[in-house]
Amino acid sequence: MFMQEILNEYRKAWSISYAISLLGWDLETYMPQEGAKARGEVFAQLSTLRREKIMQLKENVEKLRDEDLDDFGKGVKRVLSREIKYFLAVPKEIDEELNRLTSEAEIVWRQARKENNFLKFEPYLTKIVELERKIAEKLGYEGHPYNALLDLYEEGFTVSDADKIFSYLLPELKQILDKIMNDDKFPKKHELEDVEYNVDEMKKVNEEIIKLLGMPLTRFRLDISPHPFTVKISADDVRITTRYEGKDFKETMFSVIHESGHAMYELLIDKSLDMTPVGGGVSSGIHESQSRFWENIIGRSREFVSVIYPILKSNLQFLEKYDSEDIYKYFNVVRPSLIRVDADEVTYNFHIALRYEIEKRLIAGEIDVKDIPSIWNEFMEKYLGIQPKNDAEGSLQDIHWSQASFGYFPTYTLGNVVAGMLYHNFPTLKEKIKERDFDSVRDFLKNKICYYGSIYSPKVLLNRAFNEDYNPSYFVEYLKDKYLA
């Protein structure tokens with residue numbers, strides 16, 4: 001009885017989330033710049049209304065007993081209990097202030113990035129960090145204060161988990177990188193990176209790739225934004241964006257494949273879970289595993305290149321002199337680089353480790369926001385042996401901090417780790433890609449991960465699928481097989 005009452009009442013909160021998601025998509029795509037302040041106020045008010053609706057469920061949620069619940073019911077209780085805990089701990093005034101602040105900060109970040117001027121963004125980021133520290137304190141934590149924020153994006157994930165993963169990954173990746181750089185099997189630079197493309201022609205390529213991947217066009221759409229992203233409005237309305245920078249065509253193509261991976265996750269969730277607390281992807285790390293699996297393990301494979309080569313050649317005339325193997329090498333250039341979103345799959349996790357260390361220290365109060373550019377440069381030199389020439393190449397390159405997404409960056413590495421686990425457990429993947437059998441790929445991902453929405457916590461979900469949680473060794477194994485074999 002209590003469960004049905006909860007689900008009925010939850011639809012009000014879900015409807016507010018629907019509106020917030022739609023307005024967030026519009027903010028990134030079509031909203032005039034001057035609308036930011038009003039939009040921030042709307043976000044603040046809607047978030048407060050949603051909070052009130054969730055808190056009205058508190059009494060009934062507390063009456064739920066695990067012994068009376070199936071897995072769905074336990075998932076609903078777990079997800080709502082986590083939200084209620086957050087709302088009880090963090091005053092609505094903090095959330096409202098953060099919503100107003102981030103709506104303005106995102107616009108300022110765009111301007112600061114364009115002007116290569118960290119100082120312009122610094123006052124906003126300082127306020128955001130102060131609020132994030134307050135949230136961590138209000139939530140409470142064991143061990144490191146950053147644990148409170150990590151848990152918001154990846155339930156049960158801690159600094160101890162992250163340190164263990166990075167301490168294993170970074171030395172292994174350094175060895176792989178050094179061997180690649182001392183060999184000529186994969187290029188450090190490819191001339192196609194500097195070739196300009198016609199945007200209209202590239203849009204046709206992206207449209208063909210979406211069809212090839214089997215994206216359901218009546219439930220999905222692709223638009224343009226400064227920073228590619230995915231947003232789920234409902235089970236039948238998932239939207240992604242890409243950007244067109246006019247050269248190096250693989251960048252926009254892989255952003256489409258990456259975001260399609262995110263969209264696929266949401267579209268493969270059991271539709272009966274829609275409008276319930278467990279109707280979305282369970283965590284950022286599991287979400288990233290889907291996007292990285294499609295983008296890198298599938299999209300950058302020799303088998304996938306052979307499949308899309310005719311599409312590329314028929315739409316991009318400048319590819320006339322390049323064969324399929326040339327394109328494969330172009331897709332898999334490996335070198336230390338400054339920009340995270342442009343990084344290859346060997347060096348990518350160094351970029352995440354850098355951000356993880358900065359966030360961890362900021363939240364612990366060990367460094368201040370003004371220190372970020374210099375610390376950024378130190379880590380870039382330590383990890384990759386290069387340094388940015390300006391703020392746009394360094395500490396201003398990501399949108400996440402303007403959105404107060406502290407704790408999100410480590411989930412990108414978790415995504416790579418879980419993608420490696422998926423690869424290890426799907427031995428016929430290359431054959432399925434060759435055969436263009438993406439239905440089988442989607443079925444595999446659906447059965448292992450997607451179908452269950454948020455019914456199970458991340459570590460439980462992985463243990464159900466693989467009998468272990470985050471294991472970075474499979475990702476390293478995948479890289480060695482690909483780049484060193």
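Buried area is the accessible area (1.4 Å probe) that two parts lose on being put together, summed over both. In this predicted model, local features need pLDDT of at least 70, side-chain atom pairs count only at pLDDT 80 or more, and totals for chains, interfaces and linings use all residues. Residues are numbered from 1 along each chain as its sequence is written, and side-chain values use heavy atoms, with hydrogens and water left out.

Start with the domains. The assignment, automatic or from a database, gives domain 1 (1-89) and domain 2 (101-485). Their C-alpha centres lie 26 Å apart. Domain 1 brings 29 residues to the contact and domain 2 brings 39; contact means heavy atoms within 4.5 Å. Between them the two domains bury about 2900 Å², with 61% of it on carbon and sulfur atoms.

Now the helices, which are DSSP runs (H or I, at least four residues) numbered from the N terminus. Axes are lines fitted to C-alpha atoms over the stretch in contact, and angles run from 0 to 180 degrees between N-to-C directions. Helix α2 (residues 36-55) and helix α4 (residues 71-89) have axes that come within 10 Å and cross at roughly 120°. The contact uses Arg50, Arg51, Ile54 and Met55 of α2, and Leu80, Glu83, Ile84, Tyr86, Phe87 and Leu88 of α4.

Helix α8 (residues 159-181) packs with helix α14 (residues 348-364) at about 145°, their axes 10 Å apart. Residues in this contact include Phe166 and Leu170 of α8, and Phe350 and Tyr356 of α14.

How values were computed
Helix = DSSP H or I, 4+ residues; strand = E, 2+ residues; numbered from the N terminus.
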